Every structure is written in structure tokens, then in C-alpha cells.
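Welcome! Open your viewer, and let's take a short walk through this structure together.

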Amino acid sequence: MLHTIIAIATPLGAGALAVVKISGAHALKAVCHVLRIPYSTHALKPRYATLRTIYDINNIVLDEVIVIYFKSPYSFTGEDVLEIQCHGGSFVVQKIVDTFLCLKDRLPIRLAESGEFTKRAFINGKIDLTQAEAIAQISSIHSEHAQQIVMNQLKGALKDFVCNERKMLVEFLAHSEVGIDYAEEDLPDTLIDFITQRIDEKIFQFNRLLQLSIAHEQHHNAFRLALIGKPNTGKSSLLNALLLRNRAIVSDKAGTTRDTIEENLLIGQHNVILVDTAGIHKSYDIIENEGIQRSVDVYYQSDIILGLFDSYSFDDDDKHILQLLKTAQHADVIIVINKIDLGCSIDKKLFEGFCVVEISAKEGRVVPLLEQIEQFLQRKNHNETLLLSSKRQIEAFRTVVDELQKSLSPLKHGELELFSFHIQAALSSLDSITQPFCTDELLDMIFGKFCLGK
């Protein structure tokens with residue numbers, strides 16, 4: 001028999017309210033006992049908040065509480081669930097939990113393990129594993145972008161995506177199995193070409209999903225925004241202006257910044273990692289060249305690149321940087337013409353095809369740039385709300401892509417048994433994202449990372 005479990009669902013400490021959650025077959029009986037009301041299946045009306053007095057084992061009043069009963073199967077875990085809302089404070093809430101634990105001699109009740117409420121919801125079919133992982137990540141959200149991704153996954157977006165892609169793979173497998181059963185009749189070339197084309201499309205789509213998901217994971221739910229330009233274009237001044245404080249050293253001497261400087265910044269509702277880089281130019285200084293190489297590395301790791309240019313000059317170093325920006329297929333680029341307080345004589349036709357913003361970092365005139373960055377971030381949020389949100393999901397999709405790539409050669413040469421083998425492997429890996437073959441060890445590993453009370 002499964003134990004009834006109990007846990008404090010809110011942080012301990014001073015506060016207006018605290019919540020205790022109880023789930024299991026004996027949850028209602030246990031609550032009736034501490035409320036000193038006769039036990040029956042109708043003792044509390046489901047989904048109604050009821051004001052009650054709660055007592056300890058010595059019949060001493062502990063608190064006035066609100067009790068809400070969620071009757072099985074219409075609850076988060078699929079079991080009988082009761083929530084007790086009491087006054088905040090570590091002593092009171094812990095006393096309530098201790099009172100329930102004193103019933104363990106007559107009822108099978110114990111403290112919940114980390115993630116055990118969500119684990120029971122998964123086991124009872126209330127949620128799939130992608131939704132469970134989304135629940136685990138809610139408490140670590142730091143940006144609107146991350147919130148949209150997690151909420152979409154919680155609502156089943158990734159589950160639906162996996163389900164649709166699975167149907168396509170099953171269809172390919174069905175064609176292959178028919179070809180195997182009727183070996184004397186080869187699959188039509190048009191069908192093989194069609195399947196090959198669709199698999200190529202899916203490999204591209206899944207690889208794109210992997211790239212975006214890995215970048216999202218590496219950036220800790222934040223976009224990376226890099227300041228790129230030759231020395232003395234005002235990158236450090238712009239960093240300070242955006243942060244509203246003097247974070248970077250500003251000097252007329254070229255090469256002041258020799259390493260990258262990273263700072264977190266909130267632009268609108270978006271968490272951004274702002275990276276100031278060393279000026280990119282020809283140099284014979286070993287240390288400075290190392291800084292320049294790091295600038296190039298940051299360029300390739302960023303989601304948005306701000307290419308800074310002086311408003312009154314354009315030399316060979318600028319040409320080199322502009323050519324670099326033209327190759328930026330991995331990121332959005334904003335051309336920033338700085339120092340407009342000194343006039344603007346640069347030929348803007350050089351930046352045709354780019355988004356161009358004029359600023360004066362020295363005077364703090366950067367609002368147009370902030371507005372433009374926010375527009376780019378909004379567009380990214382809109383386009384990239386379906387992502388893989390855990391290492392487990394990423395590794396599973398890597399396997400899917402690998403098996404699809406392996407399937408193309410046997411399909412081309414009519415080796416349908418081998419083609420079916422790889423499609424079956426891809427299907428198995430795809431299924432593991434939402435409903436893996438579960439062992440107790442696997443579930444303990446996944447849900448053990450959750451907070452207590454989740």
C-alpha cells in the first residue's frame with residue numbers, strides 16, 4: 001500500500017500564510033482527525049475552502065486554517081489531495097506537520113520525498129514527463145522568455161510536438177514493413193524520394209531545435225548580447241550607459257579592454273547577458289591578440305550583436321568588422337553609430353540591409369538602441385517558445401537525429417530491414433521524451449531534483 005504523504009509547500013520563515021499538502025488514500029481521514037470532525041467521504045465538500053480549527057495530539061488548538069479538499073481523481077496527483085492554509089511562521093506550520101506524523105501508528109503517513117507529489121502525478125497519468133520537468137523549472141525562471149518556454153511545455157506544447165512527429169515516423173515504418181512483407185515488390189522510387197525528402201527536412205528541423213535548446217541552456221535562460229567594434233568606438237562607454245553605472249574603464253587610449261566583461265541586464269521583461277569585448281583590429285601585442293580572439297569567440301556565441309562604428313570615420317578595421325557582421329547567420333545584428341554628438345559624416349549606405357541606430361554613449365543617449373533591442377528580443381521570444389528544457393530531452397533528440405541520419409543510406413539502397421531498425425530506434429528515443437521506459441532508479445533520479453512539496 002502506498003503511503004499517504006505530507007509536506008510543507010511554502011518556504012519556511014516569517015510570512016502571512018503557509019501551505020501544507022497531503023496526498024494519498026488516507027489523506028481525508030488524517031485531516032478529519034486533526035480537525036476533530038467525524039470521518040466520512042462527505043466530511044469536506046470537494047473544491048470548497050472551509051474554515052476550521054486544527055488541533056495537536058493533546059487536543060490543544062494549533063491554528064485557524066483554511067482546508068481545501070481535491071477528491072481523487074480530480075487532483076494534481078490523481079489521489080485524494082488536501083491543502084491546509086495556515087498562518088505563516090516556521091513553528092506553527094512545523095507543529096501541524098508533526099501532528100500528522102504522530103498518526104503514523106494508525107495510518108500509513110510519512111513525509112514526502114523531493115518531487116514526490118509530481119512523481120505521483122506522472123505515475124497516475126495526470127501529466128507526462130515533459131510537463132513534470134516544466135514544473136521543476138518554474139521556480140528557477142529569470143526572464144519572460146524562459147517563462148513562455150516553460151509555460152508552453154507545461155500546457156503540453158512539447159508533448160503535442162513529439163506526438164505529431166511520432167505519427168510521421170510510424171508512417172515511414174509502416175511503408176517499410178509493407179515493403180519487407182512483399183519483398184518481391186520494391187518500394188516505388190517516388191515513395192523512397194518522398195520519404196528521403198521528409199527525413200532530410202526533419203533532420204534539419206530537429207537540428208535547429210537542438211541548437212536553440214543548447215544555446216538556451218548555456219545562457220541560463222538569458223540572451224547574450226555582444227558589443228563588437230574596433231578600439232575606441234565607445235563599447236565600454238555604451239556598456240556603462242546601458243548599466244547606468246561605471247562598470248568598464250573608459251579611456252581615449254586604444255586597447256583599454258583586453259578581456260570580455262559580462263553583466264546581467266533587464267531590458268523590458270527580458271534577461272540579457274551584456275558582453276563588452278576587446279576592440280578587434282590588427283595588433284602585435286600577444287595579450288591584446290588573446291583578447292581579440294576572445295571577442296571573436298563571443299561573436300559566435302551571441303544571440304544579438306551590436307556592431308559599433310564611429311559617426312565620423314570608417315577605416316580598414318571597420319571594413320573587417322563589417323564583413324564579419326555580414327556573415328552573422330547565427331544572430332541578429334544591430335549597427336550602432338556612436339558619437340553622434342560629434343556629428344555624423346559616415347556613409348550610411350555602407351550598412352544597407354542592416355538595422356541602424358544612432359546614439360551618443362558618452363551623453364547617455366541610448367534609448368533608441370534599447371527600444372530596438374527590445375523589439376529584437378520580442379521577436380525571438382515569439383519564434384522560439386518551443387525548446388527542449390532539460391539535458392535528458394536534448395540527449396534524446398540527439399539520438400533521434402542520429403538514427404534518422406543513419407536510416408537514409410539503407411533506404412537509398414533498398415535495405416528496408418536496416419531502415420526499419422533505425423526508424424524504430426528513433427521512435428524509441430522520441431517516446432522516451434514524454435513516456436520513458438521507467439525504472440524506480442530513473443524516476444528517483446528525475447524527481448529527486450525537485451523541491452520538497454512539489
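Predicted model: local features only at pLDDT ≥ 70, side-chain atom pairs only at ≥ 80, totals over all residues.

Colour by secondary structure and you can pick out 14 helices and 12 strands. Now show the surface, which comes to about 22800 Å², with 53% of that area belonging to carbon and sulfur atoms.

Next, turn to the charged pairs. The whole structure holds 15 salt bridges, and we will visit a few.

**Stop one: helix H3.** Select glutamate 116 and arginine 120, whose closest N and O atoms are 3.4 Å apart in a salt bridge. Both sit in helix H3 (residues 116-123), four residues apart, so about one helical turn separates them. Glutamate 116 counts as buried because its relative accessibility is 8%, and arginine 120, at 5%, is buried as well.

**Stop two: a loop-to-loop link.** Select aspartate 315 and lysine 230, a salt bridge with its closest N and O atoms 2.9 Å apart. Aspartate 315 is in the loop between strand E10 and helix H10, while lysine 230 is in the loop between strand E7 and helix H8, so the bridge ties together parts 85 residues apart in sequence.

**Stop three: strand E10.** Pick aspartate 310 and lysine 339, bridged at 3.2 Å between the closest N and O atoms. Aspartate 310 lies in strand E10, and lysine 339 in the loop between strands E11 and E12, 29 residues away. Both residues are buried.

To finish, select Glu79, Arg110, Glu116 and Arg120 together: salt bridges with shared partners join them into one network.

How values were computed. Residues numbered from 1 in each chain as written. Heavy atoms only, no water. Helix = DSSP H or I, 4+ residues; strand = E, 2+ residues; numbered from the N terminus. Areas by Shrake-Rupley, 256 points an atom, 1.4 Å probe, with all protein chains shown as cover. Salt bridge = Lys/Arg side-chain N within 4 Å of Asp/Glu carboxyl O. Buried < 20%, exposed > 50% of the residue type's maximum accessible area, 1.4 Å probe, protein only.
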